[in-house]
Amino acid sequence: MSAPTTTATAPPGAARPVRRRRGPFAKSLNRRYVITAYLFLLPAFAFFGLMFYLPIANMVSSSFRTGAQADVYAGMDNYTRAFEDAAVRNSFTVTVIFGVATTIGAIVIGLTLALLLNQKLRGRVVFRAALLVPYLTSVAIVGLLWRNILDPQLGILNRLLSDLGLPTQTWLNTHPLATVIGVTLWMTVGYTMVLFLAGLQGIPEEYYEAATVDGAGPWQRFWRITLPLLAPTTLFVSVMAVINGLQAFGQAYIITGGGPAGRTDLYIFHVFNVAFTSRDFGYASALSFLLFLVIVIFTVVQLRVGRRGEVQY
Amino acid sequence: MRSAPNPLARTASYTFLILVCAVTVVPLLYMGALSLQTEAETLAANPVLWPESPQWGNYAELFERAPFGNFIVNSLIVAGGITLAHLVFDPLVGYVFAKFRFPLRNTLFIALLATMMIPLFVRMIPLYVMMSNLGWLDTHQALIVPFLMDAFGIFLMRQFIQPIPDDLIHAARIDGASELRIYARVILPQVKPALAVLGLFTFVHQWNEFLWPLVATSSEEMRTIPVGLALFKQEYFTLWHLTAAGSVILFVPTVLIFLFSQRYFVRGITLSGLK
Amino acid sequence: MATPRPTRRQLLHWTGAGAVAGLAAPWLSGCAGAPESETSDDATGGGGGGGEFTVYWNAGHAYAAYDEVIAAFEEEHDVTVNMQKYQWPDLRTRLLSDFASGSAPDVVEEPGGWVQEFAISGDALSLQEYIDADGADMGFPDDWQPRTISRNSFEDQVYGIQLHLTCTMLLYNRAMLDAAGVEVPATWDDFLDAAIRLTGDGVHGAALNQDAGYAWPWLLQNGVKYYDTDSGELLVPNDKAIEALQFQADLVHKHGAAPVPTPGTDYSGPQKLLSAGRAAMILTGPWDLGPIQETSPDLDLGIAPALTHETQATVQAGTSVFIPANAKNPDLSWDFIKRITTLDVERAATEEVGMLMPRLSWVEEPVVQQDERLAAFAQGFDYAIDTTEELRLTGKSGEVTELFKVLYQDVVMSNTPAEQAVETFLSEAGRVLEG
């Protein structure tokens, strides 16, 4: 049903999209639409209030407490302790490296694969399926599987390498963090690829046709059409990748147990151990809240940068 | 959909894709092979690539050792129910954030994203208390209700609704359509690819969720597959042949859902709404 | 704590109940306002009466021998026993969530150490009254290995009953030792010498575990205490601890007589190498006997007593059962514990799966004495030590153990000099103990 209205909107000659920062109701805040918006949002925020904000409030209040039941008021103790805790510093560093590497890797590899698979290639359905399957199972299973494959003494990979007369690997000992990052990317690039593919579907073909008529080459088309029009998707992928990367947990829990000697001690894995191994819910809450603040900052910065790059057409 | 420009680039594309796909698929085939090995073969220090004789009985053993049928049904109810809820709620809220202007919009949006920034285990105990007070522990609703919508889905839909031309909405308003009708008839048809992606990923996440079903269920019959799989570990070692078989079963529905949904998000541009 | 302050538990109830009441007051307020822990006590006061009886159990310990006990228990009390089987970390997550919300199962199996921890935190029920009444009949504590009592006690009260008892011994491939003309080692020097001579041609003389707990036989044999209650010091004496850790690292890095352990979350690496004939000697417990039998039935397996250096010693392990303080009906829980720890049940479980048991009379059973492997492990009970017992009483055992894991991996995997790594450990762990 949208066909008749849409034909008029695609600007036929627009070789490059027009930069515009106005929404549909930019001139004035129309009261009717404001009320409609709040009406739509009300049930959602009631739900989030109950299922998220209350628990978050609970976390903040426990972060000022200590003891096995987190029932003894401790002031700022948990926070001052966090800043002096060498293990926390270590796991924070590990996690930032992990988060940055998995974010950049997921975007670069995922976008490359999406661009390749957005071409008319024979068998692309099979390729897409093959790339996404690792994401269709759980981190726990992926972790178990790769731990099993990569074990230097017992894994199938070294057995195959030595059968082929190749040198064997001990990556879990020598490059544990890089290995965990690699396994994570192995699992998640298919997922970013799918998001980018869905984003690419939304770019009208006419823009490319018009640009080609204007004599733009493939690189120019990529930089001037694909990338700007893909900005909402890229923003989404990078925000989510940072949020997920800084909260990654299962990889350390299953593959390395955080070792050797804390080199893959991902932050949330560390906090989980504080909460459930050491049973220090107060300290764990403070640590969670600190990471929460870090992620909020990361996200706000990304949204600011993203909004600047956003285009509407 | 653009065609590859020249044969050389085409060959390079194929080679690259085949290599990457080999890396993604081969480890999973190995898991399939593990699921057909005997216990002794999976425990062997000289790992076995392919079993001497495939042990299809491993799959039957899953059902003998535990109420695995229940696990599958529970997982389907929970992941399916949550996915449906997301498909209803997430696009609506995403639409509001994408196309409405109202005071506190950015603040509320950040507040929404903030819900993704605490790990589940921090929410877990308050939620557990809540479910216990409601008398919902060990029921399907305890597994479904805390996940009825999430910021991931809303954010995803907002990003995909944002590029839809505002003129479409204006035109519909001028025609006198109600806001809900605009949403259902103008917006939703435009974002089918994103809806397919949302449905797929929501299902995958929930299907594989471990921590909450572990805590919120208290009878074996109510466990979901990931929690149920924990039964196939001994105190000091994993029963790999059964774990791998269970993992293969865990795969089947998500792969089916993918094959079903991918038609929507990867079909040619000529079929999509924007033309 | 002079001013009355709402406990976290109450806060949780209020926030949970309040939130729900606010949104859905009319139809939910009935259940929302009633914290279950306070109302349930009198409801099931007497005999059970068709109710449910929940037990948290290790997924690897679901023996047929226990099924019979459970069936009889259900029959007697007219209850349904809900056996919830978990892996240890999952069981702990589940249990701590229960404790935080005020609910609790009726009986819990634990992997060692939790009984005292939960006794200190007030989450475990003292069994002393029950033992005073029934102890003589069931043979507690006289028929239990003496070292299993104190590890389950706190301030002279017993909080848990040992269910299984194990210890770590030296397992070796007899054919390999014979072929190399190596005697079964009895001291560290013997062991090092044997390990070096057995190494070669794709075989390592020894294999160390990635799990830090397996470092403890060496530390104990060198006379090291995890925590010295009098001085408040860790790894005492420090130089002996350094020596023991360095010995293990040297085995790997200096002599190449053992492969570098790979970090992970499972303990089966050395067992698999032994089974495959790629390692000649490992330290492990009876839990590895089953997998070895399964994968390498022809392996000529020898079990030697623990090594002697300063002293002969090894690590004691094994599970206990306890009753949470909030259990609905402790009398019923206690009856369950009595039934599951009888000599007959121990014998049946041993016959079924070869598990080792804590009763002194169990050692004399024919099923044990006629099985040389079981008998070999049972001998270790005399000098097996629960390493963290004193440390647990500080309430900081969890955090210190995490730091020890880093220490062990740092030395044995990354080959950091033990002296330097121990120094780091002591300063970090010292801060934990003070704080």
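**View 1. Two domains of chain B.** Chain B is split into domain 1 (1-65 + 233-250) and domain 2 (67-229); these bounds come from an automatic or database domain assignment. The model is predicted: local features need pLDDT of at least 70, side-chain atom pairs count only at pLDDT 80 or more, and totals for chains, interfaces and linings use all residues. Residues are numbered from 1 along each chain as its sequence is written, and chains are lettered from A in the order in which they are written. Taken over C-alpha atoms, the domain centres of chain B lie 31 Å apart. Domain 1 of chain B brings 5 residues to the contact and domain 2 of chain B brings 4 residues (contact: C-beta atoms, placed from the backbone, within 7 Å).

**View 2. The chain B side of its contact with chain A.** Chain B and chain A each put 86 residues into the contact. Helix H1 (residues 7-34) of chain B gives the most to the chain B side, with 12 residues (helices are DSSP runs of H or I, at least four residues, numbered from the N terminus).

**View 3. Helix H2 of chain A against helix H4 of chain B.** The axes of H2(A) (residues 31-62) and H4(B) (residues 68-99) come within 9 Å and cross at roughly 140°. Axes are lines fitted to C-alpha atoms, for helices over the stretch in contact, and angles run from 0 to 180 degrees between N-to-C directions. A:Ala37, A:Phe40, A:Leu41 and A:Ala44 of H2(A) meet B:Phe89, B:Leu92, B:Val93 and B:Val96 of H4(B).

How values were computed
Contact = placed C-beta atoms within 7 Å. Helix = DSSP H or I, 4+ residues; strand = E, 2+ residues; numbered from the N terminus.
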